[in-house]
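User: I'm new to this one and would like a quick tour. Can you show it to me first?

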Amino acid sequence: MAPFRALVVEDDFISRTVLQKYLVEYAQCDIAINGEEAVLAFRIAMDEGNPYSLILLDIMMPKMDGQQVLKDVRKLEHERGFYGSKEAKIIMITALDDPKNIMDAFKSECESYLPKPVKKETLLSEIRNLGLL
Ligand SMILES: [Mg+2]
């Protein structure tokens with residue numbers, strides 16, 4: 001299968017470096033270090049007709065958090081007629097395993113969430129479940 005495009009959104013240097021390393025042999029992986037960059041990267045990818053298939057999205061980030069990024073991404077997709085299988089698979093990555101945050105993320109249509117620290121096998125099995133591997 002051709003490598004898919006992935007976007008890692010994470011404000012913590014070490015966390016994003018680890019996630020990028022996990023994905024390197026499976027995906028063309030871009031990095032965004034905050035929510036604003038994430039939405040920008042997502043918009044550019046859509047404009048270029050080469051959208052991300054997978055987004056790993058940290059919830060806790062300064063200014064624009066992952067919940068807001070998730071809403072903005074889904075809004076952009078829906079404005080352009082991307083629904084269902086055309087939508088990016090979004091996995092929330094979070095230290096916040098409280099039920100409210102997780103419920104909010106599912107309401108905004110994330111596919112999944114993983115608590116930190118994320119293990120490679122866990123991430124790969126999740127990506128496999130989402131049909132990307
Ligand atoms: Mg964070």
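**A walk around β3**

User: Which residue in β4 stands opposite I55?

Analyst: This is a predicted model, where local features need pLDDT of at least 70, side-chain atom pairs count only at pLDDT 80 or more, and totals for chains, interfaces and linings use all residues. Residues are numbered from 1 along each chain as its sequence is written. β3 and β4 pair in the parallel sense over five bridges; strands count as paired if DSSP finds at least two bridges between them. Within β4, the residue opposite I55 is I90.

User: And which β3 residue does A6 stand opposite?

Analyst: β1 and β3 run parallel too, joined by four bridges. Strands here are DSSP E runs of at least two residues and helices are H or I runs of at least four, numbered from the N terminus. A6 has its place opposite L54.

User: How many of the five residues of β3 are buried?

Analyst: A residue is buried if 20 or more other C-beta atoms lie within 10 Å of its own, exposed if 12 or fewer, and partly exposed in between, with C-beta atoms placed from the backbone. On one side of β3, L54, L56 and D58 are buried, and on the other I55 and L57 are too. That makes the buried count for β3 five of five.

User: Which residues does L57 touch beyond four places away in sequence?

Analyst: Touching means that C-beta atoms, placed from the backbone, lie within 7 Å. L57 is among the members that touch the most others in the largest nonpolar core, which has 31 residues; such a core is a set of buried Ala, Val, Leu, Ile, Met, Phe, Trp, Tyr and Cys residues joined through C-beta atoms within 7 Å. Leaving out residues up to four places away, L57 touches V9, G66, V69, L70, I90, I91, M92 and I93.

User: What is the handedness of the unit made by β3, α3 and β4?

Analyst: Picture the strands pointing away from you: if the path from the first strand over the helix to the second runs clockwise, the crossover is right-handed. For the β-α-β unit of β3, α3 and β4, the answer is right-handed.

Terms used: Contact = placed C-beta atoms within 7 Å.
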